[in-house]
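Open the model in your viewer and keep the selection tool at hand.

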Amino acid sequence: MKEILYYTWGAIVSFVVAFSVGITYMGLNRKITARVQNRYGPPWYQNFIDVIKLYSKKTSIHHGVMHHMGPAFIMVTAVVSLLVIPILNGNKFFPNLNFQGDLIFLLYIMVFGPLGMALGAGQTGNPNSAIGVTRGLSQMAGFEIPWVMALVALMIQYKTTSIVDLMNVQVESGRWLMFSSPFAFLAAVMAMLGMFRYAPFDIVGAPQELASGPMSENGGKYLFVMMSAGSVFTFAKLTLYVDIFMGGADNLIILVVKTFTLYLIPMLYGITSPRYRTEQSVRWFWGWPSFFGLLAILQAALF
Amino acid sequence: MINDKNSQKIVDIIQNFARQHSLWVLAYGTGCGAIELPPTMTSRYDAERLGVRGAATPRQADVLLITGYLTTKTLKRVIRVYEQMQDPKYVIGFGSCTINGGMYWDSYNTIKALDRYMPVDIYINGCMPRPEAVLSGFAKLQKLIQAGKADGAKKYKENLEWYRANQKNVIPNWRMPEYNW
């Protein structure tokens, strides 16, 4: 009983931390974008205000059951991956549900949300949603390949499928995996650009051409759920990268510094880039990132 | 305690603060007024610092911005857009054309007073209003929201028959779904 309470409490605390950190990052993203464009920009807490407003909007849209379930699928994905990914080294303060094989589990669960969202968007009958879904799934076929290759290379090299084991390897050798397997890191970071869906890979949302794509029929509370799930998922993904490649973190401050440094890569690359077309995006992911992924597997198998 | 009057007041204050500082705008760019929006949103006047931001679809928007004259043909689309938006929603009439027809005052196929067909919370006059005027209109709307007085949507629901009669008067082939709230 005491253990169950401990885990429940830990889940709630890690959700709150992930939500506030993730949503602050998204607010900082808007602020930094504005500064790069020579604007003053909204305050960093603008996204908190947006979330409260979205929650306080009345919502009367009905397109069918799957339409209501779509945002819930995204939320489930975000929370489950947050619970599986260890937040700090040695599971301090944040208990989580990691187990042998959780890397493979993560590979599956991370595409579960977009698939559920695709079903929900399909039921709205909005043509923009349908185009957005096809684009999103094609792009996912693009960036999943270098991402899986990078993870498989790590699994071969260290003969484990557990994130905690990979973190322990780095703590014991004192060397981050981004230096000992650089090609896997390169491939994974390039796949991350697609995962975050900032420009030039924002072909799914694309407000100017697709009217925000899959979520074009979702307003008010649906958007609230999606925005909070997005912020939690942002934090979870960044923490996963820090855990695997940058040696994890001993406390929250180091974690925030490391995750924000990593978050700057898709953010700054996005601010300075226009938008790709779908086939350009897929071709980009099947080019250099997949090549680096292949090199990573070769390095892991041969050396 | 949750249904207490005082706690409801606190909730209202928080909600009105959030609504006031996060206005997602759906710009219905019918007339010439749409050209004033890019300078309002970009670096010179930067409306995003007030929390004003473009929304992609009516479902996500809070503010409907009617920029300029409306022909009877576009009025039909605007009404559908307005009824798709989620509460609480606000309408800004932009430019002289929405107030009294402006330079189209004797045109046969434009509507003269937008107020007869949709509830308008704020008018911004001018032909065209400069971005400063647009920003001051948004600031006025924010004050109304803070005071809880921007209740155009409520008025629309209460006087739906009157609005419908006016709309059907100018739209000859009325084939629209009948909404009931």
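A salt bridge here is a side-chain nitrogen of Lys or Arg within 4 Å of a carboxyl oxygen of Asp or Glu. This is a predicted model: local features need pLDDT of at least 70, side-chain atom pairs count only at pLDDT 80 or more, and totals for chains, interfaces and linings use all residues. Residues are numbered from 1 along each chain as its sequence is written, chains are lettered from A in the order in which they are written, and side-chain values use heavy atoms, without hydrogens or water.

**Stop 1: within chain A**

Select Arg135(A) and Glu209(A). They form a salt bridge, with the closest N and O atoms 2.9 Å apart. The pair links distant parts of the chain: Arg135(A) lies in helix H6 (residues 127-158), Glu209(A) in helix H10 (residues 207-210), 74 residues apart. Helices (H or I, at least four residues) and strands (E, at least two) are DSSP runs, numbered from the N terminus. Buried means under 20% relative accessible area, exposed over 50%, partly exposed in between (1.4 Å probe, protein chains only). Arg135(A) is buried at 16%. Glu209(A) is partly exposed at 42%.

**Stop 2: the interface**

Show chain A and chain B together. In contact (heavy atoms within 4.5 Å) are 25 residues of chain B and 31 residues of chain A. Now highlight Glu48(B), Arg59(B) and Gln86(B). They supply 26% of the area that chain B buries against chain A, more than any other three residues. Buried area is the accessible area (1.4 Å probe) that two parts lose on being put together, summed over both. For this interface it is about 2,200 Å², 53% of it on carbon and sulfur atoms.

Seven salt bridges cross here. Zoom in on Arg59(B) and Glu217(A), which meet at 3.1 Å, N to O. Next, pick Arg39(A) and Glu48(B). Their closest N and O atoms are 2.5 Å apart. Both residues are buried.

**Stop 3: strands of chain B**

Select strand S1 (residues 23-28) of chain B. Five of its six residues are buried. Two strands pair if DSSP finds at least two bridges between them. S1(B) runs parallel to S2(B) (residues 52-54), joined by three bridges. Look for Trp24(B) opposite Arg53(B). S1(B) also runs parallel to S3(B) (residues 63-67), with four bridges. There, Val25(B) stands opposite Val63(B).
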